[in-house]
Amino acid sequence: MSAEKSGTDGHKDGQKVIMKVENLSKTYIRGKIPVHALRCACITVRKGEFLAIMGPSGSGKSTLLALIGTLEKATDGKIILDGTDLTSVPEKLLPRVRREKIGFIFQHYNLIPTLSALENVELAMRFSRVPKKDRRDRAKTLLEDLGLGDRLNHKPTELSGGEQQRVSIARALANRPALILADEPTGEVDSKTRDSIVRIFKELSEKGQTILVVTHDPEVAKECSRALQITDGLIKDN
Amino acid sequence: MFDLIIRNITNRKVRSALTICGIALGIFAVIVMGAMSENFHQTFERSMSVTSDKIRVFAESGVFGGGLEDDKVSDVLRVAGVKDAYGLLMTTFDEDKMGMTGKQILGVPPEKSSVALNPVELKAGRFLNPGDSYSVVVGNNIKREYGLQVGSKFEIHDKYFTVVGILDYTGSIFDNAVIIPLETAQDLYNVGDSVSYIFAVPDERVDAEMLSKRIELSVKGTSTLSPGELEVQAKQSFMIFSVITISSGLLAAIIGGLCVMNTMLMSVAERTREFGILKAIGAETRDILLLTLGEASFMGLLGGILGIIVGVGAVYIMNAWLETTRIVLFLITPRLLIIAMVFALLIGALSGLYPAYRASKMSPMEALKHA
């Protein structure tokens with residue numbers, strides 16, 4: 001495993017371990033047959049790393065993302081994120097962990113269609129009970145930084161795929177999470193938009209934001225500080 | 001959170017409007033049926049307060065079993081503790097309408113007419129006097145319906161009577177009463193010396209309930225209804241009436257509630273993915289509950305307001321129309337409005353409970369996979 005190899009130099013916290021995945025396994029029972037979606041995965045991620053997980057469909061990369069994102073429960077193993085063991089957090093406290101430590105970016109953007117770009121970004125902060133003015137200011141700043149200053153009040157249907165994904169990135173960043181999990185973030189966009197999204201991730205990473213991207217695209221993986229290969233539920237370091 | 005609730009409702013305008021109309025229809029039914037019950041309740045309360053000091057003595061066979069001979073009055077009078085007693089003959093005024101209008105002929109001994117009607121006061125004229133035969137005192141509704149004044153002629157059972165007095169409005173059964181001398185009534189309706197019942201007035205410091213029992217034991221062939229028993233009996237009939245009217249209103253409102261539940265279940269099913277997103281970005285179970293329950297309750301509130309406005313409007317229109325036939329059938333009270341509003345909110349919230357529970361219990365991963 002490449003846990004010890006750091007690809008994030010250039011900032012002072014570059015060596016600090018932000019997440020440690022230890023012997024993480026997930027087994028689904030389909031009928032009476034156990035399906036091992038993930039087997040004894042071990043990963044160490046340092047703060048500010050831009051890490052890619054690559055693998056074919058059904059290899060277990062989305063399962064890994066769901067487990068780290070606390071959207072599913074692991075069968076075995078541990079995930080220590082920013083000092084918290086996510087596998088031992090009681091169900092009731094998981095929403096808080098998702099709010100404070102994790103930011104999600106989805107392939108299909110998953111924005112709320114009835115809300116504007118600004119409101120979509122604010123939504124994540126609403127659940128953290130951030131005061132209205134503060135969350136509005138932060139949402140506005142994030143969107144402006146991502147080049148969407150003139151699209152604040154547009155609904156998702158009025159935005160292009162790339163713009164929607166940038167709103168999704170702003171939403172993921174809203175609560176200043178320890179880790180951003182991106183599931184095929186460039187799967188729905190053209191190569192030009194893909195490059196701009198990857199550029200945003202790189203800039204964020206340089207500023208110290210840790211990002212874990214699941215992707216099919218070798219062009220994306222190439223830009224990452226490190227890429228891990230996953231096949232049949234087993235992780236290999238590239 | 002309230003702005004999100006409003007947005008979800010306005011986002012599906014037609015569906016939300018239909019749901020709100022469903023609740024409004026139910027609350028409309030609660031208001032109309034409730035107003036009928038409230039009117040009945042008020043009439044009952046006022047009638048009780050007007051006749052609450054007297055014991056009613058009936059023939060043992062009951063009020064429908066046949067009359068009571070007038071000579072029983074002296075038997076009742078002989079019972080210790082009875083201050084006064086007199087017979088009354090009661091029959092429906094409009095026999096052809098089966099008494100549906102509530103108008104009643106009351107044959108009263110003329111010299112007792114003021115005490116029999118106490119504490120009802122006269123608006124004009126006088127009560128019946130001894131020696132009166134074809135004189136009549138009429139209730140306020142009768143006066144209005146027939147345009148009567150003191151001195152007017154009034155036809156009862158093919159005979160003309162002179163109006164000598166008009167009663168003040170009481171809101172009780174006396175508003176529809178036509179009071180004539182007892183003997184004239186007995187002749188008019190060919191009942192000999194029979195009376196419908198005897199009013200026995202207890203002496204002061206005599207317990208009416210005890211006296212009632214004593215009369216029943218002392219005067220053969222009679223049964224009595226003390227003020228207390230009358231109240232219980234009347235309350236029971238009032239309860240039955242209320243249960244029938246209110247439950248038909250409630251039934252309509254519950255159908256409105258099912259309408260909300262259906263809408264909310266559809267809405268939750270459609271927004272499965274949305275709930276998954278909300279959970280992924282950190283929404284608590286209570287946030288999801290608040291969103292869905294808030295939506296259902298707010299639709300309940302809007303439906304309630306609309307139902308009350310339309311219901312109150314309809315009651316006013318119906319009362320105005322019924323005014324021409326001198327029947328007041330509906331009464332809107334603050335109590336009824338509060339009950340209707342609380343009920344609308346409850347229906348909204350309760351109908352939203354199950355859909356909200358379903359939304360809050362969704363696994364975020366499953367919800368996100370939902371197309």
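What share of the contacts in chain B with a separation of 6 or more comes from residues 24 or more positions apart? In this predicted model, the share is 81%. For chain A, residues 24 or more positions apart make up 72% of the contacts with a separation of 6 or more.

Chain A has 238 residues, and 49% of them count as buried. Chain B has 371 residues, with 43% counted as buried, and its elements are twelve helices and twelve strands.

Chain B has a mean pLDDT of 83, with 94% of its residues at 70 or more. Within chain B, the element with the highest mean pLDDT is strand E6 (residues 135-138), at 92. At the other end sits helix H12 (residues 364-369) of chain B, which has the lowest mean, 78.

In chain A, one feature to pick out is an open sheet of four strands, in the order E2-E1-E4-E5 and with antiparallel pairing. Strand E2 (33-46) and strand E5 (84-85) of chain A are at the edges, and each has a single partner strand, so one side of each has no neighbour in the sheet. Strands of a sheet pair through backbone hydrogen bonds, in either a parallel or an antiparallel way.

Now for the pairings themselves. E1(A) and E2(A) run antiparallel and are joined by ten bridges. Together E1(A) and E2(A) make a hairpin with two residues between them, and A:Gly31 in the turn has a positive phi of about 70°. In this pairing, A:Arg30 sits opposite A:Ile33 in E2(A).

Strand E1 (residues 17-30) of chain A also pairs with strand E4 (residues 76-81) of chain A, again antiparallel, through five bridges. Here A:Ser25 is opposite A:Asp76 in E4(A), while A:Met19 is opposite A:Leu81 in E4(A). Helix H1 (residues 61-68) of chain A lies across E1, E2 and E4 of chain A, and it runs at about 65° to E2(A).

Over in chain B, a pair of helices is worth a look. Packed helices are described by the angle between their axes and the distance between the axes. For helix H1 (residues 2-11) and helix H10 (residues 285-323) of chain B, the axes come within 9 Å and cross at roughly 65°. The crossing of H1(B) past H10(B) is right-handed. On the H1(B) side, the residues involved are B:Leu4, B:Ile5, B:Asn8 and B:Ile9, and they meet B:Leu291, B:Gly294, B:Glu295, B:Phe298 and B:Met299 in H10(B). Sorted by class, this contact of H1(B) with H10(B) has six nonpolar, two polar and one charged residues.

That leaves the meeting of the two chains. Which numbers of residues of chain A and chain B are in contact? On one side there are 15 residues of chain A, and on the other 13 residues of chain B. Helix H2 (94-101) and helix H3 (117-127) of chain A each contribute at least two residues to the side of chain A that touches chain B. By class, the residues on that side of chain A are eight nonpolar, three polar and four charged.

Definitions and conventions: Residues numbered from 1 in each chain as written. Chains lettered and ligands numbered in written order. Predicted model: local features only at pLDDT ≥ 70, side-chain atom pairs only at ≥ 80, totals over all residues. Contact = placed C-beta atoms within 7 Å. Nonpolar A, V, L, I, M, F, W, Y, C, P; charged D, E, K, R; others polar. Axes fitted to C-alpha atoms, helices over the stretch in contact; angles between N-to-C directions. Left-handed = near helix turned anticlockwise from the far one by under 90°. pLDDT = per-residue confidence, 0-100. Buried ≥ 20, exposed ≤ 12 C-beta atoms within 10 Å, placed from the backbone. Pairing = 2+ DSSP bridges.
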